[in-house]
Amino acid sequence: QVQLVESGGGLVQAGGSLRLSCAASGSFFSINRMGWYRQAPGKQRELVAVATSGGTTTYADSVKGRFTISRDNAKKTVHLQMNSLKPEDTAVYYCNVGGNVFARGAYDSWGQGTQVTVSS
């Protein structure tokens, strides 16, 4: 089983910045993709950004040019640098990591979620 611990959420004014971090831990596992999703009140969870082991990054159109995803493969961590934040970025942000556990197969793990609130 792969566990994820998130950090870095909080309250910020519009135009400000926040950095989210997520660390993966467990035994005998590899990581294929690391990403971030978010869910605003009354809305479905949506993809924010994902980074694959091959180096490909994908962003939601709404965050392109403002958010940057980065991963440290040695430390098994993923970060989301969020700049020029807008009130509509307010949501609970979830880390998502997928890969393989030795002798057990594929896994898909989620973090506990961290609140990001952007005031106008």
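Guide: What follows is a set of questions and answers on the labels. The model is predicted.

Visitor: Which secondary structure elements does the protein have?
Guide: The protein has 0 helices and 11 strands. Along the sequence the pattern reads β-β-β-β-β-β-β-β-β-β-β.

Visitor: Why is the protein called as compact as a globular protein of its length?
Guide: The radius of gyration is 14 Å. The globule rule gives 14 Å for 120 residues, so the protein is as compact as a globular protein of that length. The C-alpha trace spans about 50 × 25 × 25 Å along its principal axes.

Visitor: How much of the protein is buried?
Guide: Of the 120 residues, 42% count as buried. The cut-off is a relative accessible area under 20%. The accessible surface comes to about 6,400 Å². Carbon and sulfur atoms account for 49% of that surface.

Visitor: What share of the contacts joins residues 24 or more positions apart?
Guide: Such pairs make up 55% of the contacts with a separation of 6 or more.

Visitor: How many positive and negative side chains are there, and where do the centres of the two sets lie?
Guide: There are 12 positive and 7 negative side chains. The two centres lie 5 Å apart.

Visitor: What makes Cys 22 and Cys 95 a disulfide?
Guide: Their sulfur atoms are 2.1 Å apart. The cut-off is within 2.5 Å, so the pair qualifies. By this rule the count comes to 1 disulfide.

Visitor: Which parts does the pair of Cys 22 and Cys 95 tie together?
Guide: Cys 22 lies in strand S3, residues 18–25. Cys 95 lies in strand S9, residues 91–101. The pair therefore ties together parts that are 73 residues apart in sequence.

Visitor: How do you know whether Cys 22 and Cys 95 are buried or exposed?
Guide: Cys 22 has 1% relative accessibility, and Cys 95 has 0%. Buried means under 20%, so Cys 22 counts as buried. By that cut-off Cys 95 is buried too.

Visitor: Which residues does Cys 95 touch, beyond those up to four places away in sequence?
Guide: Cys 95 touches Leu 4, Glu 6, Cys 22, Gly 35, Trp 36, Val 78, Ser 109, Trp 110 and Gly 111. Val 63 is 32 residues away along the chain, and its C-alpha is separated from that of Cys 95 by 16 Å.

Visitor: What makes the phi of Phe 28 worth a remark?
Guide: Most residues other than glycine have a negative phi. Phe 28 is not a glycine, yet its phi is positive, about 55°. Phe 28 sits in the loop between S3 and strand S4. Its relative accessibility is 67%. Exposed means over 50%, so Phe 28 counts as exposed.

Visitor: What is the phi of Lys 76, and how is its accessibility classed?
Guide: Lys 76 has a positive phi of about 55° although it is not a glycine. Its place is the loop between S7 and strand S8. The relative accessible area of Lys 76 is 29%. That falls between the 20% and 50% cut-offs, so Lys 76 is partly exposed.

Visitor: Why is Asp 72 called partly exposed?
Guide: Asp 72, in strand S7, has 26% relative accessibility. That value lies between 20% and 50%, so the label is partly exposed. Asp 72 and Lys 86 are 14 residues apart in sequence. In space they are 27 Å apart, C-alpha to C-alpha.

Visitor: How do you know that Arg 33 is partly exposed, and what does it touch?
Guide: Arg 33 lies in strand S4. Its relative accessible area is 31%. This too is between 20% and 50%, so Arg 33 is partly exposed. Not counting residues up to four places away in sequence, Arg 33 touches several residues, among them Val 50, Arg 71, Asn 96 and Asp 108.

Terms used: Residues are numbered from 1 along each chain as its sequence is written. This is a predicted model: local features need pLDDT of at least 70, side-chain atom pairs count only at pLDDT 80 or more; totals for chains, interfaces and linings use all residues. Side-chain values use heavy atoms; hydrogens and water are left out. Helices (H or I, at least four residues) and strands (E, at least two) are DSSP runs, numbered from the N terminus. The radius of gyration is taken over C-alpha atoms; the globule rule is 2.2 Å times the number of residues to the power 0.38. Buried means under 20% relative accessible area, exposed over 50%, partly exposed in between (1.4 Å probe, protein chains only). Contact means heavy atoms within 4.5 Å. Accessible areas come from the Shrake-Rupley method with a 1.4 Å probe; for residues, only the protein chains shown count as cover. Lys and Arg count as positive and Asp and Glu as negative; His and the chain ends are not counted. The place of a charge is taken as NZ of Lys, CZ of Arg, CG of Asp or CD of Glu.
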